[in-house]
Amino acid sequence: GGMGIVQRFERKLEDVVGDAFARVFGGSIVPQEVQASLRREAADGVRSAGQGRLLAPNEFFVLLSTADHEKAADDRELDPDTFAELLREYIRDQGWQTYGEVVVRFEQSPNLHTGQFRTRGVVNPDSKRDRPQQGRPGEEYGREDDRYGRPDQDPRGQQ
C-alpha cells in the first residue's frame, strides 16, 4: 500500500504495545483508543481524487475478539453509529471527501485476545448503514470518469 516502512513499523509497534497493554489491564476496549485508531486509519487512507480533492475511506471495520464483540452489543460506549458520527465530523473538519456514507462495522476476529482490536478503512461507494454489501462495482467511479471525457470520445481526434 502507500504506507512507508517507518509508518508500517510504527503501526506494528502500536499494535504490539496496545496488545500488551490490553493483557496487563484485563483488557477492556477503550472507546477513545478505537476512535483514535479509526482516525489514523482515515488519515492513512486519504488519496488524491484529482482537482485538489482528497478522498478519505468511508467504510471502517473494527475487528474485536469474540468476547468483546459480544460485549460491544450491550455497551452504549461502543456503538458503531457513534463512532461513524465522530468520524464523519473528523473527516469533514479535515476537508476530505468520501464516496458513500461513512459507516463503521464491528466484526469478530478469532485471532484477537480480549481487549485487542484492529481497525481498517476502505473506500466503498455503496456503503449503507446496516445493509449487507452487494459487492456491485461502484457506479460512482464510472460517472466520475465521464466528466473528464475519455480520449476516444475526443471530437478533435476525428478526421
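Start by selecting strands E4, E3 and E5: in that order they form an open sheet of 3 strands with mixed pairing (strands are DSSP runs marked E of at least two residues, helices are H or I runs of at least four, and both are numbered from the N terminus; two strands pair if DSSP finds at least two bridges between them). This is a predicted model, where local features need pLDDT of at least 70, side-chain atom pairs count only at pLDDT 80 or more, and totals for chains, interfaces and linings use all residues. Residues are numbered from 1 along each chain as its sequence is written, and side-chain values use heavy atoms, without hydrogens and water.

Next, pick E3 (residues 59–64), which runs antiparallel to E5 and is joined to E5 by 6 bridges. Zoom in on Leu64 and you will find Phe117 of E5 opposite.

Then show helix H2 (residues 31–44) and helix H4 (residues 80–93), whose axes come within 10 Å and cross at roughly 40 degrees (axes are lines fitted to C-alpha atoms, for helices over the stretch in contact, and angles run from 0 to 180 degrees between N-to-C directions). H2 lies across E3, E4 and E5, at about 35 degrees to E5, while H4 lies across E3 and E4, at about 135 degrees to E4.

Which residues bring the helices together? Select Pro31, Val34, Gln35, Leu38, Arg39, Ala42 and Ala43 in H2, which meet Phe83, Leu86, Leu87, Tyr90 and Ile91 in H4 (contact means heavy atoms within 4.5 Å).
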